Amino acid sequence: MEISQRVRAILSFVEAVDAGSFAAASRALGISAAAVSKNVAGLEQALGVRLMNRTTRTLSLTDEGALFLKQARIALEALDAAVDVLAEQRVETRGHVRISTSAAFGRDHLMPVLPGLQTRYPALSVEVDFDDRVIDLVRDGYDLALRGGHVADSALVARPICQLNMVLVASPEYLARSGIPETPMDLAAHRLIARRFLAGRVSPWNFRRADGSLITQDLEHAVLTLSAPEALTQSAVLGMGIAQVGVHHAWSYLQSGQLKTLLVGQHDPGHYEMVLQYPHRALMAPRVRVTVDYLLAAFAADEALHVPLAALDEYAAR
């Protein structure tokens with residue numbers, strides 16, 4: 001079966017299923033019912049399986065037909081997508097995009113790139129919810145989400161943005177008063193600032209032994225416990241103690257000298273990541289696709305999101 005014949009046959013098959021009969025499919029396609037029947041029969045012969053059972057009144061899919069229908073729809077959507085790509089070059093991308101993001105990442109990294117997005121696509125409107133809770137992307141009606149941590153959701157596409165390395169920091173003023181810890185055991189004599197997640201779990205501090213094994217620092221004697229990651233960074237800048245924060249939160253303060261890194265090489269940075277997520281779809285709306293592509297490119301150029309761990313030693317307290 002030639003490609004053109006195959007495409008006609010697949011269209012006849014899908015339309016017959018959707019319309020419920022060869023006669024209804026023929027009217028939708030503008031061909032005779034006999035031609036629809038011949039196309040479907042030819043497709044079955046080429047595939048070597050029966051796709052549907054026919055009676056004078058009804059059509060019903062076989063198991064093989066149901067499987068083929070699913071794949072056929074994906075193929076037809078891909079053809080539509082190819083047409084849309086060309087159409088987008090002639091028609092202005094427009095529509096509404098809903099984004100969910102954490103408050104800190106949204107404020108510090110998403111907001112600065114939104115003007116560029118809307119300059120490039122002036123007919124695009126964007127709605128951003130700043131919320132640290134875990135949301136159901138599909139149920140809650142979001143087009144995409146920016147999430148950090150240990151991300152595992154097989155129902156969603158996850159595009160990596162960056163690693164979220166953690167670092168211990170304190171202000172020069174605090175270290176001048178309290179001294180610089182040389183080992184994890186020295187932290188017992190310091191004022192520690194802990195982070196508590198919304199679910200109630202306190203974020204652990206891990207360290208690497210010489211043999212590579214992990215040890216966890218007990219934070220029961222923390223003098224301050226906060227839920228917002230940006231508040232931890234601020235408390236360290238204010239000289240309130242030692243905090244574990246994301247490198248991307250601390251980067252500007254390290255560069256300005258307001259914070260110093262501690263126990264670099266001993267502290268374990270963790271295995272967290274920031275990703276851009278959206279639902280699995282065979283055909284993504286142009287308004288969403290251009291937003292995803294723009295944000296990924298913008299985040300790739302964001303220096304604070306891609307600081308190499310080796311660079312942190314330059315800002316270590318000494």
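Which residue just after α9 takes a positive phi? That's Gly 257, with a phi of about 85°. Before going further, note that this is a predicted model, so local features need pLDDT of at least 70 and side-chain atom pairs count only at pLDDT 80 or more, while totals for chains, interfaces and linings use all residues. Residues are numbered from 1 along each chain as its sequence is written, and side-chain values use heavy atoms, with hydrogens and water left out. Helices (H or I, at least four residues) and strands (E, at least two) are DSSP runs, numbered from the N terminus.

**Helix α9**

- Helix α9 spans residues 247-256, and its buried residues are Val 247, His 248, His 249, Ala 250, Trp 251 and Leu 254.
- Here buried means under 20% relative accessible area, exposed means over 50%, and partly exposed is in between (1.4 Å probe, protein chains only).
- The cover over those buried residues includes α5 (103-110), β7 (166-170), α8 (229-237), β12 (242-246) and β13 (260-262).

**The five-stranded sheet**

- Five strands make an open sheet in the order β4-β3-β5-β14-β6, with mixed pairing; two strands pair if DSSP finds at least two bridges between them.
- At the edges sit β4 (124-130) and β6 (156-163), each pairing on one side only.
- On average, neighbouring strands of this sheet are turned by 20° against each other, direction ignored.
- Axes are lines fitted to C-alpha atoms, for helices over the stretch in contact, and angles run from 0 to 180 degrees between N-to-C directions.
- β6 runs antiparallel to β14 (residues 273-279) over seven bridges, and Pro 160 stands opposite Val 275 in β14.
- Helix α5 packs on the sheet, where it touches β3 (95-101), β4, β5 (144-149) and β14, and its direction makes about 125° with that of β3.
- Helix α10 (residues 286-300) packs on the sheet too, touching β3, β4, β5, β6 and β14, with its direction at about 45° to that of β3.

**Nonpolar cores**

- A nonpolar core is a set of buried Ala, Val, Leu, Ile, Met, Phe, Trp, Tyr and Cys residues joined through side-chain atoms within 4.5 Å.
- The largest one has 29 residues, and those touching the most other members are Leu 110, Leu 144, Leu 146, Ile 161, Leu 276, Leu 295 and Phe 299.
- Helix α10 gives the most to this core, with eight residues.
- A second, separate core of 18 residues includes Val 169, Leu 254, Leu 259 and Tyr 315.

**Thr 291**

- Thr 291 sits in helix α10 and is buried, with a relative accessible area of 0%.
- Leaving aside neighbours within four places in sequence, Thr 291 is in contact (heavy atoms within 4.5 Å) with Val 97, Ile 99, Leu 117, Leu 124 and Leu 144.

**Aromatic rings**

- The whole structure holds three aromatic pairs; rings of Phe, Tyr and Trp (its six-membered ring) pair if their centres lie within 6.5 Å, and planes under 30 degrees apart count as stacked, over 60 as edge-to-face and the rest as tilted.
- One of them is the tilted pair of Phe 13 and Phe 68, at 5.7 Å centre to centre with 55° between the planes.
- Phe 13 is buried at 0% relative accessibility, whereas Phe 68 is partly exposed at 22%.
- Phe 105 and Phe 299 form an edge-to-face pair, 5.4 Å centre to centre with 65° between the planes.
- That pair links α5 and α10, 194 residues apart.
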